[in-house]
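Me: I would like to work through this structure with you by question and answer, one topic at a time. Shall we begin as soon as the sequence and coordinates are in view?

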Amino acid sequence: MTNLLALTKLTNTQLAFIIIVPVAILLFAIICLYFPISHAYNRKHFQIHYYKRVYKVALENDYFLINQFVFKVDSNKLANVDHILFGNKYIYVLSSKYYQGDLVGKYHDKSLVFISHRGKKCYTDNPFNQVKFLASKLSSSTGIDASLMIGIVLVNDDCKVAVQSESKQFYIIQRKSFASLIKAIESREVMDINQTQLQKAVTSIAKQNKRKKE
């Protein structure tokens, strides 16, 4: 009864303060927790997000897609390609990476500068080298002309990429830019891959997939 009488004596401003402050604290706590939880979730499930974007491009353009392709690069070593997308003019070798920060450097560098969201700098392997290696080995393994292969490293949308490159065959791009890049490359004034050759390429690559045999 005493508490009820005390509340009736409070002014509107005081009542508003009592109500608003806890709500504001709760909202602040939610916001503070959202970003680290969101980053942790995206880091753990980034390949699913990338796959959805790649699959959408394949579906909308009626392109053939092979996921998690594993093939032998020598007698003792296997290599994994996250996605192989067969366009009308090129075959796309796709590698996916998640970075909690930004990338700076040059195309031919052995390593790139990685800048974390907190501003800390360190060196990291240049993903260009990995996707070039995969494209080269895949070409050698299947007999497909290397000039038909485009290597793309997909990174998360909050990773800023400042890597100097003039290459028209290998790219590092944010996930959100994938569809527009494929559209631009497929619009080049070159002949489409012969459908018979394309089918042979798909069959040749599919036959070498070691994923189900491990």
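Me: What does Asp157 count as at 28% relative accessibility?
Reply: The classes are set by relative accessible area, with buried meaning under 20%, exposed over 50%, and partly exposed in between (1.4 Å probe, protein chains only). At 28% relative accessibility, Asp157 therefore counts as partly exposed.

Me: What kind of model is this?
Reply: Residues are numbered from 1 along each chain as its sequence is written, and side-chain values use heavy atoms, with hydrogens and water left out. Local features need pLDDT of at least 70 and side-chain atom pairs count only at pLDDT 80 or more, while totals for chains, interfaces and linings use all residues, since this is a model that is predicted.

Me: Which side chain meets that of Asp157 in a salt bridge?
Reply: A salt bridge here is a side-chain nitrogen of Lys or Arg within 4 Å of a carboxyl oxygen of Asp or Glu, and by this rule the count comes to one. Asp157 lies in the loop between E7 and E8 and its partner in the loop between E9 and helix H4 (178-186), so the pair ties together parts that are 18 residues apart in sequence. The N to O distance is 3.6 Å, and the partner is Arg175.

Me: In what order do the five strands of the open sheet stand?
Reply: Strands (E, at least two residues) and helices (H or I, at least four) are DSSP runs numbered from the N terminus, and two strands pair if DSSP finds at least two bridges between them. Strand E1 (64-74) and E9 each have a single partner strand, so one side of each is left without a neighbour in the sheet. The pairing is mixed, and the order is E1-E2-E3-E7-E9.

Me: Which residue in E2 is the bridge partner of Phe69?
Reply: E1 and strand E2 (residues 77-86) are joined over nine bridges and pair in the antiparallel sense. The bridge partner of Phe69 in E2 is Val81.

Me: How many residues of strand E7 are buried?
Reply: Met149, Gly151, Val153 and Val155 point one way from E7, whereas Ile150, Ile152 and Leu154 point the other way, and all are buried. Strand E7 (residues 149-155) is therefore largely enclosed by the rest of the structure, its buried residues numbering seven of the seven.

Me: Which residue stands opposite Ile152 in E9?
Reply: E7 runs parallel to strand E3 (residues 91-96), to which six bridges join it, and Ser96 stands opposite Leu154 in E7. E7 is also joined by five bridges to strand E9 (residues 170-174), again parallel. In E9, the residue opposite Ile152 is Tyr171.

Me: Which are the edge strands of the open sheet of four strands?
Reply: That sheet has the order E6-E5-E4-E8, with mixed pairing. Each edge strand pairs on one side only, and the two are strand E6 (121-125) and strand E8 (161-164).

Me: Is Ser116 buried or exposed?
Reply: Ser116 is found in strand E5, where it is the bridge partner of Gly101, within the antiparallel pairing of strand E4 (residues 101-106) and strand E5 (residues 111-116) over four bridges. Contact means heavy atoms within 4.5 Å, and Ser116 touches Gln100 and Gly101, not counting residues up to four places away in sequence. With a relative accessible area of 18%, Ser116 is buried.

Me: What relative accessible area does Ser139 have?
Reply: Ser139 has its place in helix H3 (residues 127-142). Leaving aside residues up to four places away in sequence, Ser139 touches Ile144, Asp145, Ala146 and Met149. Ser139 is buried, and its relative accessible area is 10%.

Me: What distance separates the C-alpha atoms of Ala201 and Phe86?
Reply: Ala201 is found in helix H5 (residues 195-207), and at 8% relative accessibility it counts as buried. Residues up to four places away in sequence not being counted, Ala201 touches Phe86, Ile91 and Ile144. Although Ala201 and Phe86 are 115 residues apart along the chain, their C-alpha atoms are separated by 9.0 Å.

Me: What does Leu59 count as at 57% relative accessibility?
Reply: Leu59 lies in helix H2 (residues 12-61). At 57% relative accessibility, Leu59 counts as exposed.
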